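User: I am new to this structure and would like to learn how to read it. Please take me through its features one at a time.

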Amino acid sequence: MREAPPPDLNRVYVLTDSGLRQLIGGDTSLTDSALRLLVLIDGKLPLAKLAKHLQGVSEPDLNTVASGLIFAGHIKPLSADAAKLGDDLGAMDFFAGSSEEENTGAGKKEQDFARALEEAQNLAIKLKQQGFCARIARRPKHKPKHAQGEAYSILVVEDNSNLASVTRKFLTLEGFVPRMAASRDEMVAEFRKSPLPDLMLLDVQLPDANGFEILATLRQHPVLQRLPVIMLTAKTTKEDVMRGLLLGVDGYITKPFEFDVLIAAMRSVLGMDESDKNEQV
């Protein structure tokens with residue numbers, strides 16, 4: 001019988017589709033400790049830092065629980081590309097301080113998960129019906145400062161050159177300032193430029209990175225964790241929506257999309273009203 005591999009407590013782990021189904025589904029054979037650990041795993045903190053939120057679970061017990069989840073395929077280590085992205089962003093001189101996630105207790109995370117599950121069910125339906133969905137709860141209380149005068153700066157991370165070109169032209173006509181990136185490295189280069197963008201359109205599938213892992217990395221940083229992010233995806237399942245919600249996505253757009261849908265999603269996430277639209281054009 002194959003033994004469960006030992007976990008590396010200093011590594012960051014992420015949920016697999018199987019692990020996400022264990023949380024969402026009503027029927028599971030996992031222990032209470034395993035389910036509590038699954039709720040805490042969000043692709044942001046290593047197991048050692050998550051352990052302090054698992055009251056009553058010793059380090060040996062944590063090793064046993066985590067090993068079982070790895071063996072069952074419910075969690076996996078964060079990819080090397082995502083870890084490198086974190087290192088690249090962490091080296092930028094305008095990032096300082098520590099992430100709020102380290103001080104988030106288990107009770108708060110469990111409450112967030114319960115709300116995200118209900119929200120995912122509703123948003124998945126809207127996503128299929130209208131081609132986009134936005135999280136009203138994450139709209140900024142105050143309008144973001146425009147990066148380029150009165151125009152919103154939009155970072156578009158899309159590797160399809162034809163779609164990227166058309167999107168750039170359309171956003172320009174609509175009065176936005178598009179900034180383009182076709183890969184992880186180009187995205188990092190854009191973040192190194194000043195000022196930061198006001199909104200990010202992020203393709204889920206990139207040639208050298210996974211959009212969900214990019215989102216998880218962004219949400220670790222004191223500055224970029226508040227950057228509004230809309231994910232561009234061909235997947236509309238409740239599981240995919242749930243994954244994004246747990247990582248802090250602001251909205252989804254299904255591909256292929258109509259450009260009026262794109263603008264509607266952007267305006268919703270940015271909290272723009274008609275006066276903003278008049279200022280843009």
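Analyst: Helices and strands are taken here as DSSP runs, numbered from the N terminus. The model is a predicted one. By that reading, the protein chain has 12 helices and 10 strands.

User: How much of the protein chain is buried?

Analyst: A residue counts as buried when its relative accessible area is under 20%. In the protein chain, which has 281 residues, 52% are buried. The chain exposes about 13500 Å², and carbon and sulfur atoms supply 50% of that area. As for contacts between residues at least 6 apart in sequence, 74% join residues at least 24 apart.

User: How do I read a pocket, and what is the volume of the second largest pocket?

Analyst: Rolling a probe the size of a water molecule over the atoms shows where empty space is left. For the second largest pocket, the volume is about 370 Å³. Its lining has 20 residues, and those nearest the centre are V14, L15, N210, F212 and R243.

User: Which helices and strands supply at least two residues of that lining?

Analyst: They are β1 (13-15), α1 (17-24), α9 (211-218) and α10 (238-247). The most comes from α10, with four residues. By type, the lining holds nine nonpolar, four polar and seven charged residues.

User: Is α10 itself enclosed or open to the outside?

Analyst: An α-helix has 3.6 residues a turn, so residues three or four places apart point the same way. In α10, seven of the 10 residues are buried, so this helix is largely enclosed by the rest of the structure. The buried ones are D240, V241, M242, R243, G244, L245 and L247. R243 is also among the residues nearest the centre of the second largest pocket.

User: How is a pair of aromatic rings read, and how many aromatic pairs are found in the whole structure?

Analyst: A pair of aromatic rings is described by the distance of the centres and the angle of the planes. A search of the whole structure gives two aromatic pairs. In the pair of F257 and F259, the ring centres are 5.6 Å apart and the planes stand at 85 degrees, so the pair is edge-to-face. F257 and F259 are both buried. Ring pairs also tie F170, F257 and F259 into a cluster.

User: Last, take one residue. Where is L232 found, and why does it count as buried?

Analyst: L232 is in strand β9 (residues 229-233). Its relative accessibility is 3%, so L232 counts as buried. Leaving aside neighbours within four places in sequence, L232 is in contact with E158, L201, L202, D203, V204, I253, K255 and F257. Of these, K255 is 23 residues away from L232 along the chain, yet their C-alpha atoms are separated by 6.4 Å.

Conventions: Residues are numbered from 1 along each chain as its sequence is written. This is a predicted model: local features need pLDDT of at least 70, side-chain atom pairs count only at pLDDT 80 or more; totals for chains, interfaces and linings use all residues. Side-chain values use heavy atoms; hydrogens and water are left out. On a 1 Å grid over the protein atoms alone, a cavity is a set of points where a 1.4 Å probe fits but cannot get out, and a pocket is an open set with protein on both sides within 12 Å along at least five of seven lines; lining residues have an atom within 4 Å of a point. Grid points are joined across faces, edges and corners, and a volume is the space filled by probe spheres set on the points. Ala, Val, Leu, Ile, Met, Phe, Trp, Tyr, Cys and Pro count as nonpolar, Asp, Glu, Lys and Arg as charged, and the others, Gly among them, as polar. Buried means under 20% relative accessible area, exposed over 50%, partly exposed in between (1.4 Å probe, protein chains only). Contact means heavy atoms within 4.5 Å. Accessible areas come from the Shrake-Rupley method with a 1.4 Å probe; for residues, only the protein chains shown count as cover. Rings of Phe, Tyr and Trp (its six-membered ring) pair if their centres lie within 6.5 Å; planes under 30 degrees apart count as stacked, over 60 as edge-to-face and the rest as tilted.
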